[in-house]
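Here is a short walk through a structure for someone who has not seen it before. It goes from one whole chain to one residue.

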There are 2 protein chains.
Amino acid sequence: MSEAVLSQAPASAEPKTLVEGAYQRLRRDIIEGVHPPGEKLRVEHLKDQYDVGAGTLREALLLLVTDALVVAQGQRGFRVAPISIEDFEDITRTRILLETEALRQSIALGGEDWEASVVAAFHRLSRAEQKLSDHDSEAADEWEKRNRNFHDALIAASPSRWIRHFQNILYQQSERYRRISLFRQPVARDVHAEHQALFDSTLARDAERATAILTEHILRTLDSVRHMPTDFLDGTSRR
Amino acid sequence: MSEAVLSQAPASAEPKTLVEGAYQRLRRDIIEGVHPPGEKLRVEHLKDQYDVGAGTLREALLLLVTDALVVAQGQRGFRVAPISIEDFEDITRTRILLETEALRQSIALGGEDWEASVVAAFHRLSRAEQKLSDHDSEAADEWEKRNRNFHDALIAASPSRWIRHFQNILYQQSERYRRISLFRQPVARDVHAEHQALFDSTLARDAERATAILTEHILRTLDSVRHMPTDFLDGTSRR
DNA sequence: GTGTGAATAAATCTCGAGAAAAAATATTGA
DNA sequence: TCAATATTTTTTCTCGAGATTTATTCACAC
């Protein structure tokens with residue numbers, strides 16, 4: 001399954017087991033909206049779609065409960081976790097709380113190797129942002145990866161495995177919201193400038209400024225989702 | 001299984017399914033130390049012990065991964081999550097971060113019904129603390145429940161489901177540490193005075209004072225675990 | 001004695017079928 | 001026509017057995 005509990009969410013290493021394979025593919029499909037919020041996840045249907053047995057698929061769904069991407073109701077099966085504006089506001093606020101604390105710790109404790117990895121991650125992200133102008137879907141996927149990588153690098157020097165664990169879950173959640181809203185509104189704001197400022201203040205070890213920028217940065221994502229059509233947001237559409 | 005993702009950890013409602021039943025019993029046994037940290041959890045052995053099939057027990061173990069009480073390593077089975085001083089320090093700090101924020105929100109937003117439930121929970125806890133003097137194991141269990149109830153009531157008015165979700169996980173984790181250390185050191189410090197101060201400042205809506213007391217309160221638990229024998233803390237003992 | 005490698009043992013992972021429960025449909029009676 | 005009940009269908013839950021993988025034991029050479 002996963003190597004360790006607290007670093008499991010982003011475990012994209014090659015799957016050692018059928019359960020883990022199905023788990024990873026299902027997670028991707030839920031985040032990308034292939035399975036929309038609120039959708040009933042019937043084991044009998046999905047097992048063919050993902051080429052595994054019924055029991056195996058059930059285990060994969062159980063693992064997704066850990067990420068809060070799937071909800072399970074006893075004796076009534078599984079369902080894609082619903083979404084709502086309120087939930088995303090909550091995710092955003094909690095993410096700010098955790099991520100700014102982690103960044104503060106990183107800035108205080110990070111060594112040279114941490115600095116180097118931040119520089120590298122920022123460089124890779126910048127490159128991806130250059131190629132992002134035309135709406136190329138695979139370039140967007142690459143940007144998504146590198147964006148996450150950059151954010152991970154920033155807080156990597158935090159000694160708190162728990163904060164990073166929770167942050168992983170919340171980042172994943174907000175990625176789902178962003179993906180769904182991205183269909184309509186493709187990377188409007190000048191995100192590169194924000195990343196640049198975040199990068200500069202972090203390397204300057206200016207914790208106050210860096211956390212303030214990070215807060216603004218995360219809040220802006222909330223705004224972009226706020227402006228999207230509301231009919232997207234009720235996970236109540238089911239047959 | 002569980003009714004909703006974000007309020008699943010303390011779901012002590014009667015189990016609707018065999019998986020959930022096994023999950024609850026296993027969770028209790030892990031927290032109480034029946035299965036010590038680091039222990040290998042062999043499905044073939046446990047399925048008889050908990051009277052369920054192998055697949056069912058696997059699913060219960062998978063659910064425990066959500067609580068970070070069990071770690072799963074692909075193709076190499078399950079294991080009780082190890083413990084360490086560093087981990088408990090991390091748990092404590094993160095818990096303070098989340099719980100003080102939630103308390104601050106509760107104090108700011110809580111209405112009359114919230115106040116009433118806090119008063120009630122404090123009263124019940126106080127009664128349990130009176131009967132706690134002689135080391136009675138069932139009285140201790142009752143105190144444990146009411147203590148958790150009181151802490152839950154304090155932050156119940158926080159609108160953040162995510163903070164409460166994470167706080168649940170962390171409380172559960174620290175309960176395991178406390179239980180293990182309690183074998184040696186039975187409720188030494190005067191915990192009632194702390195609860196009283198926490199209660200008074202909360203009802204007075206003094207957020208600064210209340211969060212300061214809560215921080216001290218949680219930190220003291222860390223100290224009591226710090227002073228316990230270290231040979232208890234390496235989850236490496238296995239056959 | 002130590003280390004390498006094959007053979008054995010044990011555990012995990014995977015699957016499909018049967019039992020139990022929930023949901024959907026049809027039937028009956030006012 | 002509507003409501004309540006009975007039947008059918010669908011879905012979930014549960015189990016044990018077979019296939020893989022990992023761990024252990026034992027023999028053998030160095």
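**Chain A as a whole**

Chain A exposes about 10700 Å², and carbon and sulfur atoms supply 50% of it; accessible areas come from the Shrake-Rupley method with a 1.4 Å probe, and for residues only the protein chains shown count as cover. This is a predicted model, in which local features need pLDDT of at least 70 and side-chain atom pairs count only at pLDDT 80 or more, while totals for chains, interfaces and linings use all residues. Residues are numbered from 1 along each chain as its sequence is written, chains are lettered from A and ligands numbered from 1 in the order in which they are written, and side-chain values use heavy atoms, with hydrogens and water left out.

Nine helices and three strands make up the secondary structure of chain A. Both are DSSP runs numbered from the N terminus (helices: H or I, at least four residues; strands: E, at least two). From the N terminus, the order is α-β-α-α-β-β-α-α-α-α-α-α.

Of the 239 residues in chain A, 53% are buried (under 20% relative accessible area; exposed is over 50%, partly exposed in between; 1.4 Å probe, protein chains only).

**One residue in chain B**

Arg178(B) lies in helix H7 (residues 161-182) of chain B. Its relative accessible area is 9%, so Arg178(B) is buried. Beyond its neighbours within four places in sequence, Arg178(B) is in contact (heavy atoms within 4.5 Å) with Trp143(B), Glu144(B), Asn147(B), Tyr171(B) and Thr221(B). Leu222(B) is 44 residues from Arg178(B) along the chain, and their C-alpha atoms are separated by 8.8 Å.
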